[in-house]
Amino acid sequence: MFESIRQFFADRKLRDYATAYAFVIPALAMYVIFVVYPFFYTIYLSLTKWDGAKPVKEFVGLLNYQQLVADSRLWSALSHNFIWIVLGTVAPVAIGLFLGVLLWRGVRGMVFFRTVYFLPVVLAPVAVGIIWKWMYNPQFGPINSTLRAVGLDVLAKGWLGDPYLALPAIILAGVWGYFGFCFVVIMAGLQNIDMEQIDAALVDGANGAQRLWYVIIPGLRHVLTMITTFTLILGVNVFDIIWITTRGGPGRATHVIATYTYNTAFRESYVGYGSALAIVMGLVSLVVSFIFISIRERGGD
Amino acid sequence: MANAMTIRPRRPMGFWIAKGAQYGILILFAVFVLMPFMWVVFTALKSNLEIAQEPLGLPPNWRFENLAQAWNQGKFSRYFVNSVIVTVPIVMLVVSLSCLAGYALARLRMPGRMLIFYFFLVGLMVPFTAIMIPLFYILRDIGVLGTYWAMILPQTAISLPFGIFFMRAFFSGLPYDLTDAAKIDGCNDFGVFRRVMLPLAGPAIAALIVFNFMGSWNAFLLPLIYLQSDKLRPVMTGMMFFTTRWGPDYSMSMAGTLIVMAPIMAVYLVFQRQFIQGLTAGAVRG
Amino acid sequence: MEILYWDQVSGDEAQAVIETIIANFEEAHPNIKINREVYTLEQLTDISRTAIEAGEGPDIMYYDSGPAYGGILGNAGLLLSLEEAYAAYNWDERLVSVSRDWTTYGGTVYGVGHEFEAQGLYWNKRIFADEGIEVPSTFEEMVALCGTFRELGYDPPMAAGWADWGGFPISHNWYNVLANSVPSDTVAAAISGEYPWNSPDIVASLDLVVGLVEAGCYDEQGSATSFLDGNAKFYTGQAPMMLMSTWAMQFFTDEITDEFGFMILPPIEGGEQTMIQLMGAVWYIIGDTEHPEETLTFLNYLVSDEAIPLWIEGAKLLPGVTGVDFSGYDVRPVYSDFLNLVSGWDGPVGYHIDVLTPANFNTTLWESNVELAAGRLTSQEVADRINAEMERAVEDGRHADITG
């Protein structure tokens, strides 16, 4: 026994392997115990009916998943995630690109603008939510107060209380919080675009839109994929800002999959059903990432 | 060389209009970003009566005592201490474990290396929500609920896939002749890692520190579920409980928000280059 | 020795009262220190179950009654049974009987009820007098008054805000309407899962809420206004009426000079005027407390003769104790009207739905009623949704059977 261990370490190759594994094992152990194992545990819970308290978790097979298919709340929550992903990607990318092109060739005060645009990125989503909940306050909030002050009383709305406006209003708050991130990344990408190509396009008489479409955007392809990955992950996972502003209301108008899962598992104590929702969320995340990776591979030559 | 310099002087008027429009737009967006902050400060320093009478303008009396009152009522000193107590070990653990594993997965030979790497990569796609429910029972059963570890352990674990991905990409990019030279000098693998590789990884580690510091400082759902006692509560959930509790008392809830926001913004303004690099590191590099 | 107490008192004056009671208690029991942390009901629902399971909970908490609140904790074995305490402290004699009835889950009593409340219509006496308007004697007259007040420039005629609290305030108004239009026996059967929630009589009562919306009774921005902000429009004299529980009386502070009236919701044509009674909140002792004896001593002190006058005069709450002579107290007329109303009531008594129904039912009910008020759902659709949730709860045994 000891002899074989001694031999193992005497063999240089095996000893190198042992060192390499020793580098990896601490991280691997943490990861397996607190991420991988819980994930399989979630799958198991999703096959049971459990209130989080009873000693017995009743195994019900795929029953929870059958109920999910008919659950109108789930579908409305998923559609809100989808809206978040679309608006929450297009808006900051468009703004970031627009500002990036404006600042591209260097402008006085460049550092100032960059510092300001990035400022909200360091805030927690919770803080962003609290700030904008105040901005949207119907009675005294700055938005409605400003509208009333300039005589546009008709436009003063109950932003977060209107089922049609609430979700876009929260998305606007979210975009305020992270468009600066997109802007900075796009700026970094623009630095890598070959100036001579632009100049050549200018000589060929290309107008601004053509230059943007044929030279700048292809040059930023890699950066734009990265940003979209980031906003996609954000759109699938969004929780904090919604929990702070509306908690999914009015009615169901701003519920997303994460708020619905939290509500079901922790507030209503439907732990089994909540786990099934969590698995749906995991699947959505997986499918989205997979689609994205394959687009990237195809585009990456 | 038909560049912009030769074109511009031809239409001076158009140039100045374009320049003005350019600055106009840039300033407009800066205002869009800054106005909400301004109103948080104004609201925090008014009384509730002043808010009702004059919601938009400057505070008629700058009531800095609101901040002191919110600080005392909100137990923010305790919340800040708690945030530091959980954030420091999380960042240290994530950075050290990611460096070790990232290095091994980039540079050392071992059977199943790519398999292990892909195994970690899958973790990038698992949202926290997908594991939050059983994690509660796991943390309870190992007896860490009710201690800071209830946040430190899971937050570290969910941050590892990105950290490893990031550090592996960094170490892969370093030239091989460096390590070969060190090996000839008789360094073993750990020696190479510690003496040659780590010193070069300074900027990458700094970025990873910023990224994880922000991630755990700003975390909300995780402490909402696992750190519920008021004694352990970090600032983000602390601020949420505070503002909800003081609901219609807008000056108090904005004062609380300002107390939580101000330090991180101040640090950002001082170290803005490091912040921007750290927070965009994944996107720019990856 | 320290006892952790999770509280959910909201008004400033009520806060002062509980602080005083705690100070008095600590003076009498110098070895016990009460550490009070204040939350909202919503926050307590977020954290209580998981916190107690994690061993991070309090020793005693002031939480709501019913399967959706204390029931979840009691059924999960997280609360201390108070059977022995009821005998030892003679609480069955001292406390009103609903204290035991509404905090018994799975056959065991877990709570001590406090804040006896009724639901009804408040009106601002000054505004009614100034405008020369008569207090409505029927529901239909009340709805018509919304139009009258709007023409006079009062916006909103009826104070309410349902942006937070899952949108439940507008559902409270429906409980009131339901109690007045559907017999209590039928409602009890529906709560117990024995009568469908989507039957025509219940759908018709939801239609009456739509009628309130359409008559312009509420704030146009009610769905954007928080509960407390919405109610404040009544206290400050902006809105002349409010449908709310007597819990709101704690907000009639001394600075408010207007006088208010309170009555049980006026009868609906074809229905009977019914008083909804409820126990506003309940004290529970947590099962794993390390100091059960001291915590019980504190709980008994909270309903003792020393504490009662403070609750009544200071906090304007009606404690759930029997045999109190209210005549000796110096309180606002509206409050003594209410006390007299309760002691003299011989009409039917109705149910405050959400303290008796399970959590999944409540969430769906509140969400759906917000959508009903916004015109995004019909009464029938709301009724179908809540009926489905009740069926699901019955299947899992999460409902309360109050018929037997």
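**Charged pairs and contacts of chain C**

Asp219(C) and Lys233(C) form a salt bridge, with their closest N and O atoms 2.6 Å apart. The pair ties together parts 14 residues apart in sequence, because Asp219(C) lies in the loop between helix H11 (200-214) and H12 of chain C, and Lys233(C) in helix H12 itself. A salt bridge here is a side-chain nitrogen of Lys or Arg within 4 Å of a carboxyl oxygen of Asp or Glu. Helices (H or I, at least four residues) and strands (E, at least two) are DSSP runs, numbered from the N terminus. Both partners count as buried, Asp219(C) at 10% relative accessibility and Lys233(C) at 8%. Buried means under 20% relative accessible area, exposed over 50% and partly exposed in between, with a 1.4 Å probe and protein chains only.

This is a predicted model, in which local features need pLDDT of at least 70 and side-chain atom pairs count only at pLDDT 80 or more, while totals for chains, interfaces and linings use all residues. Residues are numbered from 1 along each chain as its sequence is written, chains are lettered from A and ligands numbered from 1 in the order in which they are written, and side-chain values use heavy atoms, with hydrogens and water left out.

A second pair within chain C joins Asp258(C) and Arg126(C), whose side chains meet in a salt bridge of 2.7 Å, N to O. Asp258(C) sits in the loop between strand E8 (241-245) and strand E9 (260-263) and Arg126(C) in helix H7 (residues 125-130) of chain C, so this pair ties together parts 132 residues apart in sequence. Asp258(C) is buried at 9% relative accessibility, whereas Arg126(C) is partly exposed at 35%.

Strand E8 of chain C also holds Ser245(C), which is buried with a relative accessible area of 5%. Its side chain makes a polar contact of 2.4 Å with that of Glu117(C). A polar contact is a pair of N or O atoms within 3.5 Å; within protein, one must be able to donate a hydrogen and the other to accept it, and residues adjacent in sequence count only if both atoms are side-chain atoms. Apart from neighbours within four places in sequence, Ser245(C) is in contact with Glu117(C), Ala118(C), Gln119(C) and Tyr122(C). Contact means heavy atoms within 4.5 Å.

Elsewhere in the chain, Pro67(C) occupies the loop between strand E3 (60-63) and helix H3 (70-75) of chain C. Pro67(C) counts as buried, at 14% relative accessibility. Leaving aside neighbours within four places in sequence, the residues in contact with Pro67(C) include Tyr105(C), Val355(C), Pro358(C) and Arg398(C). The C-alpha atoms of Pro67(C) and Thr257(C), 190 residues apart along the chain, are separated by 40 Å.

The charged pairs also cross between chains. Over all chains the count comes to 28 salt bridges. One of these joins Glu53(C) to Arg140(B), with the closest N and O atoms 2.9 Å apart. The pair runs from helix H2 of chain C to helix H7 (residues 129-141) of chain B. Glu53(C) is buried at 11% relative accessibility, and Arg140(B) is partly exposed at 30%.

Towards chain A, 31 residues of chain C are in contact with 35 residues of chain A. The two chains bury about 2,800 Å² between them, 41% of it on carbon and sulfur atoms; buried area is the accessible area (1.4 Å probe) that two parts lose on being put together, summed over both. Arg73(A), Arg252(A), Glu367(C), Glu389(C) and Arg392(C) are linked in a network of salt bridges. Between chain C and chain A the count is 8 salt bridges, together with 15 residue pairs in polar contact, both residues at pLDDT 80 or more. Helix H2 (41-53), helix H12 (227-235), helix H16 (359-373) and helix H17 (379-395) of chain C each supply at least two residues to the side that touches chain A. H16(C) gives the most to that side, with 8 residues. By class, the side has 7 nonpolar, 9 polar and 15 charged residues; Ala, Val, Leu, Ile, Met, Phe, Trp, Tyr, Cys and Pro count as nonpolar, Asp, Glu, Lys and Arg as charged, and the others, Gly among them, as polar.
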